[in-house]
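Subject: Structure handover

Hi,

Here is the structure for your files. My notes on it follow below.

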Amino acid sequence: MPGALQRPALVSRVSELVGYTPLLELARTVTGSRLLLKLEMFNPTGTAKIRMARAMVDAAEAAGELRPGGRIVESTSGNTGLGLAVIAAERGYAFTAVVDHHACPDKLRGMRALGTELVYVVDDGGGELATAAREELAGDMARGRDDTVFTEQHNNPANGVGYFPVAHELHEALGGRIDVLIGAVGTGGALCGTGRELGKLMSGFTVIGVEPKGSIAFGGPAHDYHQSGTGTPEGAGIGALVDFDLIDEGVKVGDVEAFATCRAVARTGLLIGGSAGGVVHEALTRLPSLPPGTTVVALVNDGGEKYMDTVFDDDWMRARGLLDPEAEGEIEELLTTLRGNR
Ligand SMILES: Cc1ncc(COP(=O)(O)O)c(C=O)c1O
C-alpha cells in the first residue's frame, strides 16, 4: 500500500511540491550494509532549503511580523535565497538577498529570475566568503523597518522546524530501519531539524555532521573552502541550530575528497552538489567497516547541476589545486565494488 507521504498528483502552487523526495540506494556491502541518499534536489529550486524557507515565512506570518506587501531580507549563499524567492513570489512579498561573490553564479541567476533583489556585500569581485558581513548588512537593512523582516536563518528555530517532514518521510519509507543519519552542517537546520524530529519517532540511530575542512564548528584550523552553502567560515558565528548534543560525531572533509566524490558519483548517473560530495565521501568510505546490516541515510542537500562551472569544470578545479584523478579513481573503484552488491 502506498504511504501517506506522497507528492500530490496535481497542485496549484509550487510550494505544494516541496517534500516527498525519493531515496536512492547508492551502495551496499556484502554484509548487507547500505548507503541510502535522500535526494533533496527533487524539491522545487533543486535543494532542501526551500523546506526551511517556507517554514521561516510561515513563522513570520504567524507572529504578525510579515504582512501583505512586506519585504523579506536574508543573507544567503544561494539555496536559502532560491527558496525564499519562490515563497515570496507566491505570497506577494518583496525579497532582498544579501549575497557575496563566493556564491554560485547559477544560484544568483536563479534568484534574479524569480524576482529577487540582489545586494552584494563585497563588491570587489574577489570571491571571498563573507558570511559575517552579509549577516550584518541584512540585519541593518531590516532594523527599524516594520515592513521588513530579516529571517535570520542562523538563529531562526523555524529553520529546523522546516525539516521535521524529512524525518517523517524517512521513517515512513524505512519503517524505522535507520542506524546512521549523516548530513552537511551549515546553519545546522537540515541535519539537526531532521535528527531531532526523527528522535521522536524512533531511537537507536547515530547522527554524524559533516563540514568542510576549514570550517570551524567542529574545530580548527580555519581557512577558506569551496564547498558551497555549508560550514561555518572563520568570523561567522556558529548557528544556534547546530545542536552539539544531538550530533554524535562531527567530521571534516576536504574540498578535494568532496569534489572527487561528486565527480565519481556522476559516473553512476547522479549529479550531486559539493556539500553532498563531502557527506557521501564520509558515508561511503565508512560503509565497509560498519556492522553488518547497517542502514546509513545521507542527506543530499542539492544536485550537481548548479556546479557545472566549478566542481565539474576541470579548468576551475585545476586552477585551485582541487583536481585529483587519483582520489577520484579511488572513489570510483569503491563505488563500483559496492554497487555490484546491490
Ligand atoms: C548545498 C548546501 N549544503 C549544505 C547546506 C547546509 O545546510 P544547513 O544550513 O541546514 O546546515 C546548505 C545550506 O544552505 C546548502 O545550500
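Between which two domains does the ligand lie, judging by the shell around it? Domain 1 (14-47 + 163-339) and domain 2 (49-156) both give residues to that shell, so the ligand lies between them. The domain bounds come from an automatic or database domain assignment.

Two points on how to read this. This is a predicted model: local features need pLDDT of at least 70, side-chain atom pairs count only at pLDDT 80 or more, and totals for chains, interfaces and linings use all residues. Residues are numbered from 1 along each chain as its sequence is written.

Overall architecture

The protein chain holds 11 helices and 10 strands. Helices (H or I, at least four residues) and strands (E, at least two) are DSSP runs, numbered from the N terminus. The C-alpha trace spans about 60 × 50 × 40 Å along its principal axes.

Of the 342 residues, 52% are buried. Buried means that 20 or more other C-beta atoms lie within 10 Å of the residue's own; exposed means 12 or fewer, and partly exposed is in between, with C-beta atoms placed from the backbone. Among contacts with a separation of 6 or more, 72% join residues 24 or more positions apart. Two residues are in contact if their C-beta atoms, placed from the backbone, lie within 7 Å.

Domains and ligand

The C-alpha centres of domain 1 and domain 2 lie 24 Å apart. Their contact takes 26 residues from domain 1 and 23 residues from domain 2. On the domain 1 side, the touching residues divide into nine nonpolar, 13 polar and four charged. For these classes, Ala, Val, Leu, Ile, Met, Phe, Trp, Tyr, Cys and Pro count as nonpolar, Asp, Glu, Lys and Arg as charged, and the others, Gly among them, as polar.

The ligand is surrounded by 20 residues. A residue is near it if its C-beta atom, placed from the backbone, lies within 6 Å. The closest are Gly186, Thr187, Ala190, Gly229 and Ser275. The shell has four nonpolar, 14 polar and two charged residues. Helix H2 (79-91) and helix H7 (189-201) each supply at least two of its residues. H7 gives the largest share, three residues.

Helix H8 (residues 255-266) has 12 residues. From first C-alpha to last it reaches 16 Å, close to the 16 Å expected at 1.5 Å a residue. The expected span is 1.5 Å times one less than the number of residues. H8 is largely enclosed by the rest of the structure, because 11 of its 12 residues are buried. Among them are Phe259, Cys262 and Arg263. The buried residues of H8 pack against strand E8 (206-212), strand E9 (249-253), H9, helix H10 (314-319) and helix H11 (325-339).

Helix H9 (residues 274-286) has 13 residues and reaches 19 Å, close to the 18 Å expected. H9 is mostly covered too, with 11 of its 13 residues buried. Ser275, Val279, Glu282 and Ala283 are among the buried ones.

Ile182

Ile182 lies in strand E7 (residues 180-184). Ile182 is buried, with 23 other C-beta atoms within 10 Å. Not counting residues up to four places away in sequence, Ile182 touches Ile208, Val210, Val279, Glu282, Ala283, Val296 and Ala298. The C-alpha atoms of Ile182 and Leu299 are separated by 6.4 Å, although the two are 117 residues apart along the chain.

Backbone points to check

Most residues other than glycine have a negative phi, and most peptide bonds are trans.

- Gly220 and Pro221 are joined by a cis peptide bond, with omega about -5 degrees. Pro221 sits in the loop between E8 and E9.
- Tyr20 has a positive phi of about 55 degrees. Tyr20 is in the segment before strand E1 (23-28), and counts as partly exposed with 15 C-beta neighbours inside 10 Å.
- Glu152 also has a positive phi, near 45 degrees. Glu152 lies in the loop between strand E6 (148-150) and helix H5 (157-161), and counts as buried with 20 C-beta neighbours inside 10 Å.

Best wishes
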